[in-house]
Amino acid sequence: MGRIAKYYREYGIRIVKGFMQYVWDDKGQRYIDCNTNHGVVFLGHANPKIVEAVKKQVEEIWAVPLNFATPARERFIEEFSKLLPPKFGVVFLQNTGTEAVEVAIKIAKKVTRKPTIVAFTNSFHGRTMGSLSITWNEKYKKAFEPLYPHVRFGKFNVPHEVDKLIGEDTCCVVVEPIQGEGGVNPATPEFLKALREEAQRKGALLIFDEVQTGFGRTGAVWAFQKYGVEPDIFTAGKPVAGGLPIGLAVAREDFGDVFEPGEHGSTFAGNAVVMAAAAAASRLLREEDVPGRAERIGAELAKALGDTGSRLAVRVKGMGLMLGLELRVKADQFIQPLLERGVMALTAGVNTLRFLPPYMISKEDVEVVHAAVTEVLKKAEQQ
Ligand SMILES: Cc1ncc(COP(=O)(O)O)c(C=O)c1O
């Protein structure tokens, strides 16, 4: 029998079931899911409203190429449009976050005809060759060089260097409003405003990568709405189809016809089952005021994480339900002890424990997470 290639750390746990904010292993142990498949399951595991839409679609039709119209895609665009600020009229459908970034870059290159992409320290944009080229951390990309050569990295959150960074050669500036993998680092409003102004001045497009921040997690539907700064294009992915694979770039209306037939494409993009899930997810997000809920319960989780009393804890970072607890020590040593206490978490950067729970996480769950984090930090202090 073959085996699945290994490039992820494994924790010796076999997950067999999930419902809303919880998953269970094959021994019946329950976990509060603050990992959510790196942020994907923000609307909960097997959320009945999404399950219903998927079941119905599976019995009708699964895959239809973008050459033809389908009711599933029509329902998706109708629901998803209600989540878009007026300036954004066009959606480019993909299957993953990294592809969303790739298509955003392709739009910028075609529109501006310039070569250089500006990105930032501690950025993460994906693992295909284009998105990897604008990812900061050497550990992800060293083995695969040479990558796309025309990339200039600037310092994240340093607004006074932005004018030198963005040049006449720049096709686009790509930035996460809150850096996820890089450490849960929110951009400052001054930084995003400086990028907006300078990109405009130099004829470059501003791209916000909202693959991790987007779709309600930060307390707004899109994180940039918290800043009052609008990009030309933004990406989304992870939670948009409730757990099925999706990635998309959303652009200004006038970029809608930028590609000639053949210049861009993707076999699975717009898959009917994914579209049905994404339509249901978009509707649920609006009807249940998911961003509002993320804001309120996120404030409680942030307070709890800031209240461990441990001298190993530095500070809580992030917004809504995208939260990091920065530590004085490496964070990965705490993932296994937290699993043993029924909490799934992630790391971000080297020293940050990251929490990306579903929006329906309860006050009782927050108390369990607080107790588990407090205990594992206390135990580490004593060693
Ligand atoms: C900001 C950001 N962009 C892009 C990606 C890549 O997404 P995917 O793994 O779906 O390709 C990620 C994944 O973590 C991300 O956080």
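Colleague: Is glycine 180 buried or exposed?

Modeller: Buried: glycine 180 has 27 other C-beta atoms within 10 Å, and 20 or more is the cut-off for calling a residue buried. Keep in mind that this is a predicted model.

Colleague: Where is glycine 180 found, and what does it touch?

Modeller: Glycine 180 sits in the loop between β8 (178-179) and β9 (185-186). Leaving out residues up to four places away in sequence, its contacts are Phe124, Gln212 and Ala348.

Colleague: Switching to the overall layout. What are the domains?

Modeller: The domain assignment gives two entries: domain 1 covers 15-47 + 289-381, and domain 2 covers 48-287. Their centres, taken over C-alpha atoms, are 26 Å apart.

Colleague: How many residues are in contact there?

Modeller: 26 residues of domain 1 contact 30 residues of domain 2. On the domain 1 side, α1 (36-39), α11 (290-305), β13 (313-319), β14 (322-327) and β17 (352-355) each supply at least two residues. The most comes from α11, with five residues. By class, that side of domain 1 has 14 nonpolar, nine polar and three charged residues.

Colleague: Which residues of α11 are buried, and what do they pack against?

Modeller: Val290, Pro291, Ala294, Ile297, Gly298, Leu301, Ala302, Ala304 and Leu305 are buried. They pack against α10, β13, β14, β17 and α13 (363-381). The length of α11 checks out too: at 1.5 Å a residue its 16 residues should span 22 Å, and the end C-alpha atoms are 21 Å apart, which agrees.

Colleague: What about α10, how many of its residues are buried?

Modeller: 13 of 16, so α10 is largely enclosed by the rest of the structure. Just after α10, aspartate 289 takes a positive phi of about 40°.

Colleague: Now α3. Which of its residues are buried, and which are exposed?

Modeller: In α3 (residues 71-81), the buried ones are Ala72, Arg73, Phe76, Glu79 and Phe80. Looking down the axis, these buried residues fall within an arc of 135°, so they line one face of the helix. An α-helix has 3.6 residues a turn, so residues three or four places apart point the same way. Glu74 and Glu78 are exposed on the other side of α3. Cover for the buried residues includes α2 (48-60), β4 (88-94) and α10 (272-287).

Colleague: Last one: which residues does the cis peptide bond join?

Modeller: Glutamate 145 and proline 146, with omega about 5°. Proline 146 lies in the loop between α6 (138-141) and β6 (151-154).

Methods:
Residues numbered from 1 in each chain as written. Predicted model: local features only at pLDDT ≥ 70, side-chain atom pairs only at ≥ 80, totals over all residues. Domains from an automatic or database assignment. Contact = placed C-beta atoms within 7 Å. Helix = DSSP H or I, 4+ residues; strand = E, 2+ residues; numbered from the N terminus. Nonpolar A, V, L, I, M, F, W, Y, C, P; charged D, E, K, R; others polar. Buried ≥ 20, exposed ≤ 12 C-beta atoms within 10 Å, placed from the backbone. Arc of directions from axis to C-beta. Expected span 1.5 Å × (residues − 1).
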